[in-house]
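These are my notebook entries on a structure that I had not examined before. I record what I looked up, in the order in which I looked.

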Amino acid sequence: MSFSCPHFDQARDAVDAMQAGKIDVVFVAIEPARSAVIDFTAPYAEIAGTYAVPPGSNIRSNDEVDRPGVRITVVARSNYDLFLTRTLKNAQLMRTETTKGSEEEFVARKVDVYAGVKQRAEDAIARLPGAHLLPGQFMAIRQAIGMSKSRAAGLTYLKDFVEDIKASGLVAREIEAEGLKDASVSVQV
């Protein structure tokens with residue numbers, strides 16, 4: 001028996017591969033839009049979704065982002081794009097194909113807000129003197145293992161597996177080993 005473990009640069013590509021029947025298991029963030037085709041385990045980790053603003057911005061808190069005329073850069077079909085699409089009422093999302101593309105839009109000051117995982121937002125503000133993160137987070141990105149609904153026989157095993165790797169400390173050790181400052185072990189079961 002052999003296994004194939006493809007790598008995807010964007011979560012949306014992994015979801016697309018699952019929908020196309022090319023893969024059976026995926027490690028992505030839980031999202032209602034994805035739940036139509038994927039059954040998820042409980043989350044094993046949570047990552048902070050944060051906003052960054054350029055120097056001189058009059059936006060001081062997460063609550064002030066959703067205003068008419070505010071342009072927010074996001075990676076298309078990322079977990080935070082799907083979340084913001086569902087929750088924003090006034091601000092406009094400016095979608096890019098990659099994290100690098102969102103960073104470039106922000107640094108070039110073509111947008112008012114950068115939305116993404118905290119570590120990538122910190123990379124963006126490092127390139128734009130005076131830019132800063134808004135306090136707190138606008139969402140918790142809940143990472144889980146998912147299986148195609150058409151192949152859900154192994155979901156019970158995966159659910160037990162996730163609880164085992166959290167309880168054993170494996171998830172915490174991997175987060176620390178990777179230096180992920182914006183991630184934590186999920187306490188949800």
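Is Arg77 buried, partly exposed or exposed, judged by its relative accessible area? I began there, bearing in mind that the model is predicted.

**Entry 1: two arginines in loops**

I found that Arg77 has a relative accessible area of 36% and is therefore partly exposed. Its place in the chain is the loop between β4 and α2. I then checked the backbone and noted a positive phi of about 60° for Arg77, although this residue is not a glycine. I set this beside the general rule that most residues other than glycine have a negative phi.

I looked up Arg109 as well, which has a positive phi of about 60° and is not a glycine. Arg109 sits in the loop between α3 and β6. With a relative accessible area of 44%, Arg109 is partly exposed.

**Entry 2: the strands on either side of α2**

I next followed the chain around the loop that holds Arg77. Strand β4, residues 71-75, pairs with strand β5, residues 92-96, in the parallel sense, and five bridges join them. Within this pairing, I noted Arg95 of β5 as the bridge partner of Val74. From β4 the chain passes through helix α2, residues 79-87, to reach β5, and I recorded this β-α-β crossover as right-handed.

**Entry 3: aromatic pairs**

How many aromatic pairs does a search of the whole structure find? I counted five. One of them joins Phe106 and Tyr114, whose ring centres are 5.9 Å apart and whose planes stand at 70°; the pair is therefore edge-to-face, as the planes are over 60 degrees apart. Phe106 has a relative accessible area of 0% and is buried. Tyr114 also counts as buried, at 1% relative accessibility.

Tyr157 counts as exposed at 57% relative accessibility, whereas Phe161, at 31%, counts as partly exposed. I also noted a cluster in which ring pairs link Tyr51, Phe83 and Phe138.

**Entry 4: helix α4 and its cover**

Which residues of helix α4 are buried? In this helix, residues 118-126, I listed Gln119, Ala121, Ala124 and Ile125. I then asked what covers them, and found that the cover includes strands β3 (45-53), β6 (113-117) and β7 (132-133), together with helix α3 (99-107).

**Entry 5: the largest pocket**

My last search concerned open space in the model. The largest pocket holds about 1,700 Å³. I found 44 residues in its lining, and those nearest its centre are Phe8, Phe27, Val28, Tyr44 and Gln143. Which element gives the largest share of the lining? I found that β1 does, with five residues. At least two lining residues come from each of α1 (11-19), β1 (25-29), β3, α2, α4, β8 (139-148) and α6 (170-177).

Definitions and conventions:
Residues numbered from 1 in each chain as written. Predicted model: local features only at pLDDT ≥ 70, side-chain atom pairs only at ≥ 80, totals over all residues. Heavy atoms only, no water. Buried < 20%, exposed > 50% of the residue type's maximum accessible area, 1.4 Å probe, protein only. Helix = DSSP H or I, 4+ residues; strand = E, 2+ residues; numbered from the N terminus. Contact = heavy atoms within 4.5 Å. Phe/Tyr/Trp six-rings, centres within 6.5 Å; stacked < 30°, edge-to-face > 60°. Pairing = 2+ DSSP bridges. Right-handed = clockwise from strand over helix to strand, strands pointing away. 1 Å grid on protein atoms, 1.4 Å probe; cavity = no way out; pocket = protein on both sides within 12 Å on 5 of 7 lines; lining within 4 Å. Points joined across faces, edges and corners; volume = space filled by probe spheres on them.
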